[in-house]
Amino acid sequence: MSTIEITPEQKIEHSLSVRFVRNDAKDASIEQAVPFFKGGFLSTEFASLEGEPTLLVGLGSQPLDKFKVKEAAAKAVSEGRKRDFAALTLHIAPFLEAQNPETVRDLAEGALLGDYSLPCFGEKQEAAKEKPECRIYLSGIPSEYQEEAKSLCTEASCIAEGVRFARDMVNMPGNRLRPEDFARYVTEQMAGLNVEVECFHQDALREMGMHALLAVGDSSEFPPCLLVLRYRGMPDHSRITGLVGKSVTCDTGGYCLKAAASMTGIKGDMAGGAAVAGAVYALAKSGEKTNVTALLPMCENRISAGSLLPGDVISSYSGKTIEVLNTDAEGRLILADAVSYAVKNENVTELLDIATLTGAVAGLLGFTIGGVLCDSDSWYAEFKHAYEVSGERYLRIPYYEEHEKLIESKLADVKNVTKDCGTIGAGLFIRAFAEGTPWLHLDIAGTAWVESPIFAFQSAGATGAGVSTLYQLCRRSIS
Ligand code: BES
Ligand code: MN
Ligand code: ZN
């Protein structure tokens with residue numbers, strides 16, 4: 001894990017200097033030393049400037065939004081790391097010309113994520129352990145911003161750690177992350193923090209009547225569980241945000257088996273739970289004044305004698321009956337029980353669920369925009385503010401009364417598939433269990449995972465989608 005700090009120094013000894021260069025405002029000394037360097041966005045060049053090893057990173061001539069700021073910082077660090085530098089000094093003055101010190105948070109987050117590497121095994125793991133951790137310094141911050149920059153930097157470190165944890169969990173091979181393993185890793189991650197962890201194992205789930213979670217979980221010999229995380233940064237306040245994250249550690253589809261080509265990435269079907277865990281970690285680590293209860297329903301979706309069959313009717317924790325028409329629509333089943341549990345037992349005042357729920361959302365919005373459904377304009381307004389700060393992309397998808405018919409079943413209270421409107425139908429299914437608590441739903445099936453990086457702060461595989469936005473949402477959730 002690399003570290004980041006603000007430095008008043010011009011240059012840290014033995015570090016690689018990083019200079020960011022706009023192609024419309026090149027420095028004369030850079031022009032002279034590397035006349036061929038054009039400063040195109042994310043282009044890089046190594047040079048010796050005034051006897052110092054220096055990495056030039058181009059910023060192009062476009063305005064720099066949050067994505068571009070994070071990308072530039074990530075690129076600087078990943079290039080520096082390729083050359084085995086263990087310390088980097090990023091001269092960030094060009095980013096502060098707009099007089100916006102908040103940019104420091106984006107720079108720090110991008111820089112830390114530029115040094116992410118996949119969990120690996122065997123000799124590769126040994127080799128990775130040898131690599132020294134990286135120290136990153138941000139230099140060139142005007143003295144009047146130093147204090148604010150320091151706290152933004154600390155905030156970014158907490159967020160980046162949360163993102164890295166989420167990525168590690170999502171990237172973990174399915175055979176090394178069974179439901180009980182996931183629960184254990186999250187529990188370990190919360191050690192030493194002000195987070196109460198409770199895990200309901202299979203027997204407890206049976207006693208409680210978590211029929212929908214069990215109906216999916218019983219498909220595997222690796223048993224399901226429900227992990228509860230309670231963070232009380234403001235114990236005297238009654239507002240408690242409920243975060244529910246889909247944690248299917250492997251989704252084969254069950255008897256409605258996925259085709260082989262659709263099986264790549266099935267280990268990543270717990271990205272919602274990983275995002276929730278990462279956000280709770282970041283909130284607790286930075287000691288935010290907020291109250292959060294997180295629910296992670298964990299299970300596998302497989303084939304066994306006890307598996308669901310298409311056409312089955314099951315019960316649920318809420319008492320509502322569910323007609324299961326497709327065993328591959330398992331996420332909404334386990335989320336239904338976790339959402340019911342949150343509203344019945346945890347006194348949550350508003351709910352957010354996050355899940356890799358439908359392939360349809362990726363068809364609609366691709367791999368960079370998450371889909372949102374919400375039944376409360378004020379809850380949505382808080383969410384929108386949060387993602388504008390975090391710099392993730394989301395789009396609210398509308399729904400109306402007529403869509404509520406999508407989930408009506410002829411023989412049970414609801415059914416788990418809809419003929420059309422896959423993403424809306426899946427969301428409204430979950431909403432049917434929220435019992436009127438303000439509800440917001442994030443479908444991250446498109447954004448949780450990238451075959452190859454789309455942005456420079458990503459690496460192939462898990463993205464950590466949702467962590468930074470949930471963090472920003474919850475830290476502001478008490479007013
Ligand atoms: N976990 C999948 C959704 C998914 C698909 C995530 C692709 C990431 C990439 C979910 O459990 C699922 O299988 N959904 C089905 C629902 C359908 C059977 C109604 C889908 O989207 O095809
Ligand atoms: Mn599925
Ligand atoms: Zn799934």
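Predicted model: local features only at pLDDT ≥ 70, side-chain atom pairs only at ≥ 80, totals over all residues.
Now the polar contacts of ligand 1. One of its oxygen atoms sits 2.9 Å from a side-chain N or O atom of Lys258. An oxygen atom of ligand 1 is also 3.0 Å from a polar side-chain atom of Asp251. On the backbone side, a polar atom of Thr356 is 3.2 Å from a nitrogen atom of the ligand.

Next, the metals. Which protein residues donate to the zinc ion, ligand 3? They are Lys246 through NZ, Asp251 and Asp269 through OD, and Glu330 through OE, at 2.0 to 2.4 Å. Along the chain, the donors follow the spacing K-x4-D-x17-D-x60-E. Why is the arrangement octahedral? Because the 6 donor atoms around the zinc ion subtend angles of 78 to 176 degrees. For six octahedral donors, the ideal angles are 90 or 180 degrees.

The manganese ion, ligand 2, is 3.1 Å from the zinc ion, and Asp251 coordinates both. Asp251 belongs to strand S10, while Asp269 lies in the loop between S10 and helix H10, 18 residues apart.

Are these two aspartates buried or exposed? Asp251 has 5% relative accessibility, so it counts as buried. Asp269, at 7%, is buried too, because the cut-off is under 20%.

Methods: Residues numbered from 1 in each chain as written. Chains lettered and ligands numbered in written order. Heavy atoms only, no water. Donors = N, O, S within 2.8 Å, 3.2 Å for Na, K, Ca; no water. Tetrahedral: all angles 85-135°; square planar, octahedral: opposite > 155°, others 65-115°. Helix = DSSP H or I, 4+ residues; strand = E, 2+ residues; numbered from the N terminus. Buried < 20%, exposed > 50% of the residue type's maximum accessible area, 1.4 Å probe, protein only. Polar contact = N/O pair within 3.5 Å; in protein donor to acceptor, adjacent residues only side chain to side chain.
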